[in-house]
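Hi there,

Here is the structure I promised to pass on to you. Have a look at it first, and then read on for what turned up in it.

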Amino acid sequence: MQSHSDPTPGGATLVLFETEHLKANIRSELAEAGLSPWQRKFLSDVLTRLEIYGSRARLSDKQLLKLNEILGANGTRRQEAVATSRTTRHSRRSRFRTPSFLSRQIRWWRRRLVRDVVVVALIVMVGLLYSVFETGPVQSFLGTVGTSSHVMGPVDQVFTVTDGDTVHVVGERAGTRLVGFNTPEKFSPQCEYERKLGERASSRLKELVKSPNLQLTKVPCACPAGSEGTDACNHGRSCGVLKVDGRDVGQILIGEGLAVPFVCEGNRCPRTPRPWCAQQS
């Protein structure tokens, strides 16, 4: 924060200074009984000016010396007054003064706010990237299904079709991997033929779920005990069986050449079958 030096009509130089300690010293001195009338009036005038103008109040060098003489009657206040005088003269020479406590606090809170905003933005970005790489871009098609498990009864849920073998129930953290079959990858294909076939499988699943008679049943994933729901099990996704008019969509897609069987046993799964690029060659 800058300090300004402006000449007064009489030639005295006015300077800015910190006020809080000075006001406290003046009040303390006014409580003493040994002041002369002119000293008491002088201190009262200075205190009034400080109360009105605060840190914008200005004193000439002559006034500051008088103030230093009066406050210097007490040993402790003498040191503070001399320190104030030296600090003020130094400020006048350098045209800078020490920032006030309030200014320092404001700058500290601003830095902390900027830091917190950056941290929150990074957390949001990481969450979005995790969602994209985990389930792929969310499709625009929405379906309504009855979901059930061994714990919960049937309820209506809105979901999105992610690809040919994955759906995502709105409100759940991760998607639901449909079990018993595997469709070609459209997000990370090994060849162009697999990508095109994956797009067809995804589009076909969207057509199938237009049926009003849908049932999504959550089933345990084939993972080691205690790992279900974590990234170590199926990338955190749940597992389920989706039926259209009583028929497993996996069997429908297998019958149409858009999927292959993929059956896990217990807590183990075989290697994920992806024969489409080999078939092409």
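Which kind of contact do the side chains of Arg 195 and Glu 192 meet in? They form a salt bridge, with 2.4 Å from N to O. Please keep in mind that this is a predicted model, and that the distances and areas below are computed from it.

**Salt bridges**

Side chains of opposite charge can pair when their charged atoms come close. Across the whole structure, a search finds 10 salt bridges. Arg 195 and Glu 192 sit three residues apart in helix 6, about one turn of the helix. Arg 195 is partly exposed, at 28% relative accessible area, and Glu 192 is partly exposed at 42%.

Helix 6 also holds Glu 207 and Arg 204, again three residues apart. Their salt bridge has its closest N and O atoms 3.2 Å apart. Glu 207 is partly exposed, with 46% relative accessibility, and Arg 204 is partly exposed with 23%.

Arg 177 and Asp 165 make another salt bridge, at 3.5 Å between the closest N and O atoms. Arg 177 belongs to strand 7 and Asp 165 to the loop between strand 5 and strand 6, so this pair ties together parts that are 12 residues apart in sequence. Are these two buried or exposed? Arg 177 counts as buried because its relative accessibility is 10%, and Asp 165 counts as buried because its value is 3%.

Finally, Lys 23, Arg 27 and Glu 51 are linked in a network of salt bridges.

**A charged patch**

Arg 104, Arg 107, Arg 110 and Arg 111 form a positive surface patch. One of them, Arg 107, is placed in helix 5, residues 101-135, and is partly exposed at 37%.

**Loops and a contact along the chain**

The loop between strand 9 and strand 10 contains Ser 227. A polar atom of the Ser 227 side chain lies 2.6 Å from the backbone oxygen of Pro 224. Ser 227 counts as buried, since its relative accessibility is 12%.

Most residues other than glycine have a negative phi. Asn 234, in the loop between strand 9 and strand 10, is not a glycine but has a positive phi of about 60°. Asp 245, in the loop between strand 10 and strand 11, has a positive phi of about 55°.

Leu 208 is in helix 6.

Happy exploring!

Key: Residues numbered from 1 in each chain as written. Predicted model: local features only at pLDDT ≥ 70, side-chain atom pairs only at ≥ 80, totals over all residues. Heavy atoms only, no water. Patch = residues over 30% accessible without salt bridge, like charges linked within 9 Å, V, L, I, M, F, W, Y side chains within 5 Å. Areas by Shrake-Rupley, 256 points an atom, 1.4 Å probe, with all protein chains shown as cover. Salt bridge = Lys/Arg side-chain N within 4 Å of Asp/Glu carboxyl O. Lys, Arg positive; Asp, Glu negative; His and termini not counted. Charge placed at Lys NZ, Arg CZ, Asp CG, Glu CD. Helix = DSSP H or I, 4+ residues; strand = E, 2+ residues; numbered from the N terminus. Buried < 20%, exposed > 50% of the residue type's maximum accessible area, 1.4 Å probe, protein only. Polar contact = N/O pair within 3.5 Å; in protein donor to acceptor, adjacent residues only side chain to side chain.
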